[in-house]
Protein chains: 2
Amino acid sequence: MNKIITIGREFGSGGRELGRRLSETLGYAYYDQEIVAEIAKRTELSEQYVREIEEHHTMFSYPIHIGRTLSTGFNSVVEQHTKIYGEQSRILREMAEKSDCVIVGRCADFVLADKDPFRIFVYADLESKLARCRAKAPENEGLTDRELKQKIAAVDKGRAKYCAFLTGRDWGSKLNFDLCVNTTKLVIKEIVPVLEKLFQ
Amino acid sequence: MNKIITIGREFGSGGRELGRRLSETLGYAYYDQEIVAEIAKRTELSEQYVREIEEHHTMFSYPIHIGRTLSTGFNSVVEQHTKIYGEQSRILREMAEKSDCVIVGRCADFVLADKDPFRIFVYADLESKLARCRAKAPENEGLTDRELKQKIAAVDKGRAKYCAFLTGRDWGSKLNFDLCVNTTKLVIKEIVPVLEKLFQ
């Protein structure tokens, strides 16, 4: 069976960087934005639309009775969302079957539970996430600290909603992970050779 | 400054074993039960009494107004508890100043916060803790699964109470640790060489 590492992460905690570096060190495939592109291709929806749905999970803010009409009737929005999430699960499974890999986000730990992935969650305190967002993402330049904090909270709220919808679990609850790494004081470059040893 | 590793742990998760093995591998001092013995010596209370107080934190079940009389008057029980916790803090600081060390429990991560300890929390799912308790502690032989689960819950409740009293924090909340290790699927012997790399 291929070795699968899944990375859950708080926005701004450096989870993506950790995943990418770990995949490079281990020589594993790395999947993150590639998943969006592949979903877009297969569903014939635009990448931007897929990303929008994935990030904001707007379906879950609809009144619950709309969600419940899924089994008896469809509207096009619900249909598109269902298509995206279904395709995503299929793609995750295909990736896991292809080779050893690191998959960031998308509740891959849950979707691939039968493949016994090693489940990492990356988190940090708010100040540290703020600093990382400032340092790494030029698109945050125009935001005040308050706005950036709101952005961080909004992204993580979307992830929590998606996780609750798909898995029925509390997002980020440590019991759903094998290892939780706090990047507040740790330097990601320095953790990677440590984590590498887990998979040798 | 000495390297300090603190280990918080759920009862039955193997945190103590992880701490001991890590200290042996790193050549650090290891403190756990030694703290009880030292407190007993300094306070002239029996080891058994100190352990009882440390494990059950019975003071914290008293009505809050008894706690508040601390500043204006004493009763002997409150006085003894205060003595134990005060002595414990002093001992933790002395240990941290003596050499590199691993300290298990006792909210050492909080007490020694100014010494920038590396804070590990060890946890596991209930079934795995149950199995570990069965395998490691002969004194649990006479207990049914239900009784053993109650024991696990009671010990951790005591730890949570103590943590809340001393630190005002939620016990086991991942944000208060640098690394949280789930021993449900991981073999402790195999994690130690991985963690070792963090301190080299």
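Contact here means heavy atoms within 4.5 Å. Helices (H or I, at least four residues) and strands (E, at least two) are DSSP runs, numbered from the N terminus. The model is predicted, with local features requiring pLDDT of at least 70 and side-chain atom pairs pLDDT 80 or more, whereas totals for chains, interfaces and linings use all residues. Residues are numbered from 1 along each chain as its sequence is written, chains are lettered from A in the order in which they are written, and side-chain values use heavy atoms, without hydrogens and water.

**View 1. Helices α7(A) and α8(A) cross at roughly 105 degrees.** The axes (lines fitted to C-alpha atoms over the stretch in contact, with angles from 0 to 180 degrees between N-to-C directions) of α7(A) (residues 126-136) and α8(A) (residues 145-167) come within 10 Å. The two helices are therefore roughly perpendicular (65 to 115 degrees). Leu130(A) and Cys133(A) are among the α7(A) residues that meet α8(A), where Leu148(A) and Ile152(A) are among the partners.

**View 2. Ten strands form an open sheet with mixed pairing.** The order is β2(A)-β3(A)-β1(A)-β4(A)-β5(A)-β5(B)-β4(B)-β1(B)-β3(B)-β2(B), strands being paired if DSSP finds at least two bridges between them. β2 (29-31) of chain A and β2 (29-31) of chain B each have a single partner strand, so one side of each lacks a neighbour in the sheet. From one strand to the next, the twist averages 20 degrees.

**View 3. Strands β5(A) and β5(B) run antiparallel.** Three bridges join these strands, residues 179-182 in each chain. Leu179(A) has Val181(B) as its bridge partner.

Technical notes: Parallel < 35°, antiparallel > 145°, perpendicular 65-115°, else oblique.
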